[in-house]
Amino acid sequence: MTAIGQNERIRALALLRTMLRIRRFEEVAEIAQRAGEIPGTLHLSIGQEAVAAGVCSALERTDLITSTHRGHGHSIAKGASLVAMMAELFGRASGTCKGKGGSMHIADFSVGMLGANGVVGGGLGIAVGAAQGLRVRGSNAITACFFGDGAVNRGPFLESLNWAATFRLPVLFVCEDNGFAAFTETARVTAGAGPAARAEALDIQNVVVDGNDVIAVADAASAMVERLRRKAGPAFIHAQTYRLRGHTIADQGAYRDAETHSRQELRDPILLMRQRLTDWNLSEDMQKLQLQVEDDISAALAGARAAVFPAPESALAEVQDIGAPA
Amino acid sequence: MTTQTVLEAVRDGLAEEMRRDATVWAVGEDLHVGGLYGQYRDLISEFGPDRIVASPISEAMIVSAGLGGALAGTRPVVEMRIADFALSAIDELINQIAKARFMFGGQARVPVVVRLPQGMVTGSAAQHSQSLESWYVHVPGLVVLAPSTAADCKGLLKSAIRCEDPVIFIEPRAIWQSTGEIPECDHCVPIGEARLVREGGDVTVVTWSAMASVAHKAMEACVHSGTDVELLDLRSLWPWDTGAVLASVRKTGRLLVVHEAVQVCGLGAEIVATVAENVDGELRRPPRRLGAPRAPVPFSPPLETAYRVTQQNIEQAIREMVAA
């Protein structure tokens, strides 16, 4: 048993709480999707929760983030309401996007979450542009963008990094490397020494971190955010994690290496954090936390089931003010 | 009234809006030296490099800067240099900017103006000449403007900057240097209203952007030889002024739509279809379209001449339509 300070204890429990909220939200959503309650598919981040939880722990509410098609975790970690998020997945009027976006376009501007994105790499430029806009407004807020390892092979990756570095914008680039670009092992289609080396080539401060160690991610993010607040230019985190589920719910992952997968199951970030907190003699706190999270998730699920569907005419609302659909 | 070129008018229009609203800023290539055509000349000295952002050649990021900047509470003006280059940012324009408000359930507003200097100039060939306005009109979420005169370019640019919706602002590159009278004061032109260039009773000619200046010459020639042409410069392509077009066609019974874009699936098709659906038994002739052939824009002068819609083409079409 290791003795830890009160602040460290609070921080560790908060990080575990965020990861549990993401994990349980997605597990419950997965069941609801299979039961036909959620239309469309889901891109689950099960196994990757430490990246969202660790990075967002270093951000303020007024900071902005952009996300990916696998964005539930980022939204939850940034503080979006579980009730409104689950309602959105269910396509209900009380969803974060009034049922118009669904899982892949989940967003909550009230907490600075500027949207998941259905296009790989779609959020990178938006985050950089938001930083440029914040500069025009004289704001001190920063932006963070999550993107996957698949996105580093798209053009907007280079355009965004070069732009942020050229204009010294306070953008935290977070490459959430889960090992797969859809059904393809990313290493199979990616040249060079990895995402951080690409940032290094543009003189962007960068670090590679174990993306399944939430405290390591949080520490790396805090250090980088501190740089950003000093206006020292953009920063880049390459968080190495693993996608425990398929690309979508329908994907059984037949292309995965079985041995690697088994090994990664033992490196589940929540499992690792539980072991650490057990060592720190925090089992009782963990149990309490687990019960709270279950209550929150149950409330979100019940809320989504009870919520009404949007009125059909809202399909044509909020398209545009001038030249709106008839 | 003052007389200005289109370039001077749009430069002043942007400067006026930037003075009026500190959240308006512009981004694009070479803006620190006034932009490709000088439409941003000297603005950096007044507004500084944070509001006149001279960017790398990164079209996707230039458009993303507009979207991200809008989501962060500003009103960006995005310069694409030549309309064809926007194709390197088509995901950002179509998947992101046009849909952000809707798919996020109204949380986002995207008051971005995307400036596309468009169309053929001598020798500009296949990748620097295309008129793709009908693509943008097809996409929900976008307002599409294509003015032709100095006053309209200025007045609609100012309205576009104040608009809460994303605006594709197509600029008549071929006639940047043409001059016109600009009203004093805060000259804004309402979005969605056509400009009646000339009232007439024989035939309605509908056009926009640089083609409006060609059609204007054709109209003058036809009027001189006794045909009473009514000429409408559409100016706004989405929304377009269906009321003005339908009223005019009901009066004249003849419609000719002229555009520089390829005729197949051009905006002329939508206008003719709308007339066909709404004007019953009042047409004296089948409506006609004049647009480019479905071929890339060629380089060599004789090929270019063979390709483009000319004043003579328009005059001939008008004569054929009014012939007994």
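Predicted model: local features only at pLDDT ≥ 70, side-chain atom pairs only at ≥ 80, totals over all residues.
Chain A is built with eleven helices and seven strands. Its radius of gyration is 19 Å, close to the 20 Å that the globule rule gives for 326 residues, so chain A is as compact as a globular protein of that length. Chain B, for its part, contains twelve helices and 14 strands. For its 324 residues a compact globule would have a radius of gyration near 20 Å, and the value of 19 Å found for chain B agrees with this. The box filled by the C-alpha atoms of chain B, again taken along the principal axes, is roughly 60 × 45 × 40 Å.The domain assignment divides chain B into domain 1, covering residues 2-182, and domain 2, covering residues 195-322. The centres of these two domains of chain B, taken over C-alpha atoms, are separated by 26 Å. Across the boundary between them, 27 residues of domain 1 of chain B are in contact with 21 residues of domain 2 of chain B. On the side of domain 1 that touches domain 2, at least two residues each are supplied by helix H6 (133-137), strand S6 (143-145), helix H7 (150-162) and strand S7 (167-172) of chain B. Classed by residue type, this side of domain 1 of chain B has 16 nonpolar, nine polar and two charged residues.

The contact between the two chains takes 39 residues from chain A and 41 residues from chain B. On the side of chain A that touches chain B, the elements giving two or more residues are helix H5 (122-137) and helix H6 (155-166) of chain A. Of the elements on this side, H5(A) gives the most, with 13 residues. The residues of the side of chain A that touches chain B comprise 17 nonpolar, 15 polar and seven charged.

Helix H5(A) also takes part in a helix pair that spans the two chains, its partner being helix H3 (residues 59-71) of chain B; the two helices pack at an angle of about 55 degrees, and their axes are 6 Å apart. H5(A) and H3(B) are therefore oblique to each other, and the crossing in which H5(A) passes H3(B) is right-handed. From H5(A), the residues that meet H3(B) are A:Gly125, A:Ile126, A:Ala127, A:Val128, A:Gly129, A:Ala130, A:Gln132, A:Gly133 and A:Val136. By class, the contact of H5(A) with H3(B) has ten nonpolar and eight polar residues, and no charged residues.

A further helix pair lies within chain B, where the axes of helix H8 (residues 211-224) and helix H12 (residues 311-322) come within 8 Å and cross at roughly 45 degrees. That angle makes H8(B) oblique to H12(B), and the crossing of H8(B) and H12(B) is right-handed. On H8(B), the contact is made by B:Val214, B:Ala215, B:Lys217, B:Ala218, B:Ala221 and B:Cys222, while H12(B) provides B:Gln311, B:Ile314, B:Glu315 and B:Ile318. Seven nonpolar, one polar and two charged residues make up the contact of H8(B) with H12(B).

In chain B, a cis peptide bond joins B:Trp238 and B:Pro239, with an omega of about -5 degrees. B:Pro239 is placed in the loop between strand S12 (236-238) and helix H9 (242-252) of chain B. In chain A, phi of A:Lys98 is near 55 degrees, which is a positive value in a residue other than glycine. A:Lys98 is found in the loop between helix H4 (82-89) and H5 of chain A.

Definitions and conventions
Residues numbered from 1 in each chain as written. Chains lettered and ligands numbered in written order. Axes fitted to C-alpha atoms, helices over the stretch in contact; angles between N-to-C directions. Helix = DSSP H or I, 4+ residues; strand = E, 2+ residues; numbered from the N terminus. Parallel < 35°, antiparallel > 145°, perpendicular 65-115°, else oblique. Left-handed = near helix turned anticlockwise from the far one by under 90°. Contact = placed C-beta atoms within 7 Å. Nonpolar A, V, L, I, M, F, W, Y, C, P; charged D, E, K, R; others polar. Domains from an automatic or database assignment. Rg over C-alpha atoms; globule rule 2.2 N^0.38 Å.
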